[in-house]
Amino acid sequence: IDADLRRPAIARLLVEKATPGLSNVLAGLSGEDAAIRASAYPGLDILLSGDVPPNPAELLGSERMADMLEKLSKRYDYILIDAPPVNIVSDTCVIANMLDGVLLLARQERSRKDNIKRAVNSLKLTGAKLLGCVFNGAPRETKGYYYYNEQ
């Protein structure tokens, strides 16, 4: 689910039209079945962001969002939600307590330690279950573990 309703990216990455999508479902303009699409990968469906709404946090924090997640959890084994950065807008914190768990993503060379700590604290304050942190953007080529260096 692309839940970044302010700066959606998944539709652009997939070169697809984002509408109808999550915002349309939450605004009552579309049903989930009309908005959910099959992907190129078997067993993976996608719910894109939809139209950019004037009230993203309100839509994401709505009872309709909670109901939709409850309904989809009966239909899917796993639901992955792409949400905006925690420290930038409140949207992620609004939905975090509706989820079974949250993975925080941090990018090398861009995410500062103090910002990561602030994001963790914000998520904890909402009652979110923080599963861990994924550190991405690290170089692919490594010389080995710090004590197993290859010579």
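Because the model is predicted, local features are described at pLDDT of at least 70 and side-chain atom pairs count only at pLDDT 80 or more, while totals for chains, interfaces and linings use all residues. Residues are numbered from 1 along each chain as its sequence is written, and side-chain values use heavy atoms, with hydrogens and water left out.

The secondary structure of the protein chain consists of seven helices and four strands, where helices (H or I, at least four residues) and strands (E, at least two) are DSSP runs numbered from the N terminus. Along the sequence these elements follow the pattern α-α-α-β-β-α-α-α-β-α-β. Taken along the principal axes, the C-alpha atoms fill a box of roughly 60 × 35 × 30 Å. Of the contacts in the protein chain with a separation of 6 or more, 69% are accounted for by residues 24 or more positions apart, a contact being heavy atoms within 4.5 Å.

Of the 151 residues in the protein chain, 32% are buried; buried means under 20% relative accessible area, exposed over 50%, and partly exposed in between, with a 1.4 Å probe and protein chains only. The accessible surface comes to about 10500 Å², and 52% of that surface belongs to carbon and sulfur atoms, the areas coming from the Shrake-Rupley method with a 1.4 Å probe.

Helix 5 (residues 63-75) has 13 residues and reaches 19 Å from its first C-alpha to its last, close to the 18 Å expected at 1.5 Å a residue, where the expected span is 1.5 Å times one less than the number of residues. Which residues of helix 5 are buried? They are Met65, Met68, Leu69 and Leu72, and they lie on the same side of helix 5 because they cover an arc of only 100 degrees around the axis, the arc being that of the directions from the helix axis to the C-beta atoms. An α-helix has 3.6 residues a turn, so residues three or four places apart point the same way. The buried residues of helix 5 pack against helix 2 (22-26), helix 3 (32-35), strand 1 (36-38), strand 2 (45-47), helix 4 (56-60) and helix 6 (91-96), whereas the face turned away from the buried side carries the exposed residues Glu63 and Lys74.

Ser23 is placed in helix 2 and counts as buried because its relative accessibility is 4%; leaving aside neighbours within four places in sequence, Ser23 is in contact with Leu5, Ser49, Gly50, Asp51, Pro53 and Leu59. Asp91 is placed in helix 6 and counts as buried at 0% relative accessibility; with neighbours within four places in sequence again left aside, Asp91 is in contact with Arg6, Pro56, Ala57, Leu60 and Pro84.

The buried residues of helix 7 are Ala119, Val120 and Leu123, and their arc of only 100 degrees around the axis puts them on the same side of helix 7. These buried residues pack against helix 6, strand 3 (102-107) and strand 4 (130-136), while the face turned away from them carries the exposed residues Lys117, Lys124 and Leu125. Just after helix 7, Gly127 takes a positive phi of about 90 degrees.
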